[in-house]
Amino acid sequence: MNRIAVEKKVLNENQILADQLRERYRQNDVLCVNLVSSPGSGKTALLERTLERMDKSSRVAVLTGDLQTENDAKRLAKFGFPVKQITTGGTCHLDAKMIGRHLEGWPLEDLDLLIVENVGNLVCPSSYDLGEDAKIVLLSTTEGEDKPLKYPSIFFKSELMLLTKIDLLPYVPFKAELAKENARRVHPGMEIIDVSSTTGEGLDHWMEWLSARQKKRANV
Amino acid sequence: MHELGIAASILESVEKEAQRRPGAHISKVGVKIGELAGVDQDALQFGFEVLVKDTDFEPLALELEYVPRIQRCSMCSHEFRMTEFDPRCPLCADFATVCVSGEELDIAYMEVDE
């Protein structure tokens, strides 16, 4: 018996495709963000408010993932920007191959921002690199404050946390400061922005974050 | 719930290695799983067994090595096992510590009967 050292990533094939996507984004100066959360944390609602606030000349596109239905793409197409639905047919996360396939027909040189809305799931999407510049995790005030401790991987890997549905804080027992403390225990120094897609609170801050992140990317 | 896909990826790597070694049989594959990898070991082991059963890969064992989360202090360089999600350095109490291991999802080795 002979033991050979391998030392390669289990998800090597996905990693290769993700690195290729990353290189294409870099060459075309496209910022790609990957939104991850539990089902029902408000990813699509946030994207509706985000696209609504974008200048009509903005070069933004959205890929939205779900197990079934084209519902999210229909909701998001209203704003006039290119939107494509990725239906995974049961797979609980998006992978780099799905992204590559759905980018076909979209010239990246015509884009500045690509937003990927992952399948609602805090576990599996954390393992799959999509070539994005930043993962962004959403946590809503109708969930538990301890979610960052229960699902540390995605909170650790996300550059930004959006605390959503903050308009509901007076009506729910959710302790926002505790949730943020938990997030920063898993990911020291993590950036956190409070938002409400219903009242619009915090959305200016989120839009500023996106445009600052685009500038930071362009300077790298 | 994505462990079956990960098991399939491990098996693909074994298959590729086997193709490079005609006549040899790969009997074991060793995989490192970091604390932050978000992979359940039992589900992965089960998925792997299901995929291997009744195929030419048999007998093929999967050995999993758990890699704990280790932080390094940016101030004093002390390395420590992070528990209870407290990132503070136990020596100098600084919060600026960085993760140096625990994110692994790597194939470490394979055992080949030539």
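Which strands, and in what order, make up the open sheet of four strands with mixed pairing? Select β1(A), β6(B), β1(B) and β2(B), and you have them in sheet order. Keep in mind that you're looking at a predicted model.

**Stop 1: the edges.** Colour β1 of chain A and β2 of chain B. These two stand at the edges of the sheet, and each has a single partner strand, so one side of each is left without a neighbour in the sheet. Looking from one strand to the next, you'll see a twist that averages 20°.

**Stop 2: across the chain boundary.** To pick out one pairing, click K8(A): its bridge partner in β6(B) is I107(B).

**Stop 3: the parallel pair.** Move on to β1(B) and β2(B), the latter covering residues 61-67. Seven bridges link them in the parallel sense, and one pairing to show is G34(B) with V67(B). How does the chain get from β1(B) to β2(B)? Follow it through helix α2, residues 41-52 of chain B: this β-α-β crossover is right-handed. The helix α2(B) lies across β1 and β2 of chain B, and it runs at about 165° to β2(B).

**Stop 4: the whole interface.** Zoom out and select the contacts between the chains: 26 residues of chain B touch 25 residues of chain A. On the chain B side, the elements giving two or more residues are α1 (3-20), β1 (25-34) and β6 (105-113). The most come from β6(B), which gives nine. Colour that side by class and you get 16 nonpolar, five polar and five charged residues.

**Stop 5: chain A as a whole.** Finally, hide chain B. Chain A holds eight helices and eight strands, and its C-alpha trace spans about 60 × 50 × 40 Å along the principal axes. Buried residues make up 43% of the chain. Among contacts between residues at least 6 apart in sequence, 75% join residues at least 24 apart.

Technical notes. Residues numbered from 1 in each chain as written. Chains lettered and ligands numbered in written order. Predicted model: local features only at pLDDT ≥ 70, side-chain atom pairs only at ≥ 80, totals over all residues. Contact = placed C-beta atoms within 7 Å. Nonpolar A, V, L, I, M, F, W, Y, C, P; charged D, E, K, R; others polar. Pairing = 2+ DSSP bridges. Buried ≥ 20, exposed ≤ 12 C-beta atoms within 10 Å, placed from the backbone. Right-handed = clockwise from strand over helix to strand, strands pointing away. Axes fitted to C-alpha atoms, helices over the stretch in contact; angles between N-to-C directions.
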